[in-house]
Amino acid sequence: FPVTICMRLSGQDAQGFGSGIFSQVKAGAVGNAGGITIATSSLFLLDGARVDASTFGIGDAGAIVITTTGDMVLSGEDSQSLGSGIFSEVNSSAVGNAGGITLDVGSLSLETGAAIAASTFGEGDAGAVTIRAMNSVSLSGENSDGFHSGIFSEVNSGAVGSSGGVTIDTQSLSLTGGSKVLTSTNGRG
């Protein structure tokens, strides 16, 4: 199908939190997050903007699937020092699995501490991150708290589950300024 629009998420609310698209299981809730699917010519997540399908309760986090024919750029942070990012996570005290993240893009750029993460901090598996970029993937820089740009699928400390792993298929991959691609376990899994 033809894709002709550009999506841009930027700016903050009165509490200083960045703009976003969310599908979440909130703390105390029981159920599954439905996931997020986006198809656009280009996508810009700026100033702490987020695409987030995560679980804080009992239930699975949704999958995130984003397709762009052109550029996807994640850059900047909000006034709470939260960087722009794409997240499908099992948060601490949550029980469920992360749905994972799939990106099909022309090119992908993460700057100033931006992150793509399908990880677990609770009880459940971290999702897989799959990136297919026709041209390039570039990660650089850190935010004001020293958090480096990165792509993650982790079992964090105190969590129980397995990492889904990270797959990147691209013509060019660049990691500079301490940025990272990381699959690991610091928990049980």
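**Exercise 1. Which residues have the most contacts inside the largest nonpolar core, and how many residues does this core have?**

Before you start, keep in mind that this is a predicted model.

*Solution.* Start with the total: the largest nonpolar core has 27 residues. Next, pick out the ones with the most contacts inside it, namely Met72, Leu74, Ile86, Leu103, Leu108 and Ile116. Then see where the core comes from: the elements giving it two or more residues are β3 (36–40), β4, β6 (64–68), β7, β9 (101–111) and β11 (129–140).

Now zoom in on Ile86. Skip its neighbours within four places in sequence, and Ile86 still touches Leu45, Val51, Ile64, Ile66, Met72, Leu74, Ile101, Leu103, Ala115, Ile116 and Ala117.

**Exercise 2. Describe the largest pocket: its space, its lining and the make-up of that lining.**

*Solution.* First, the volume: the largest pocket holds about 320 Å³ of space. Second, the lining: 17 residues line it, and Arg50, Phe87, Glu89, Ala115 and Phe147 are the closest to the centre. Third, the elements: β10 (115–117) and β12 (150–155) each give two or more residues to this lining. Last, sort the lining by type, and you get seven nonpolar, seven polar and three charged residues.

**Exercise 3. Find the aromatic pair and classify its geometry.**

*Solution.* A pair of aromatic rings is described by the distance of the centres and the angle of the planes. The count here comes to one pair. The partners are Phe147 and Phe152, with ring centres 6.0 Å apart and planes at 45°. Stacked needs under 30 degrees and edge-to-face needs over 60, so at 45° the Phe147 and Phe152 pair is tilted.

Phe147 has 40% relative accessibility, so Phe147 counts as partly exposed. Phe152 comes in at 7%, so Phe152 counts as buried.

Note on methods:
Residues are numbered from 1 along each chain as its sequence is written. This is a predicted model: local features need pLDDT of at least 70, side-chain atom pairs count only at pLDDT 80 or more; totals for chains, interfaces and linings use all residues. Side-chain values use heavy atoms; hydrogens and water are left out. On a 1 Å grid over the protein atoms alone, a cavity is a set of points where a 1.4 Å probe fits but cannot get out, and a pocket is an open set with protein on both sides within 12 Å along at least five of seven lines; lining residues have an atom within 4 Å of a point. Grid points are joined across faces, edges and corners, and a volume is the space filled by probe spheres set on the points. Helices (H or I, at least four residues) and strands (E, at least two) are DSSP runs, numbered from the N terminus. Ala, Val, Leu, Ile, Met, Phe, Trp, Tyr, Cys and Pro count as nonpolar, Asp, Glu, Lys and Arg as charged, and the others, Gly among them, as polar. Rings of Phe, Tyr and Trp (its six-membered ring) pair if their centres lie within 6.5 Å; planes under 30 degrees apart count as stacked, over 60 as edge-to-face and the rest as tilted. Buried means under 20% relative accessible area, exposed over 50%, partly exposed in between (1.4 Å probe, protein chains only). A nonpolar core is a set of buried Ala, Val, Leu, Ile, Met, Phe, Trp, Tyr and Cys residues joined through side-chain atoms within 4.5 Å. Contact means heavy atoms within 4.5 Å.
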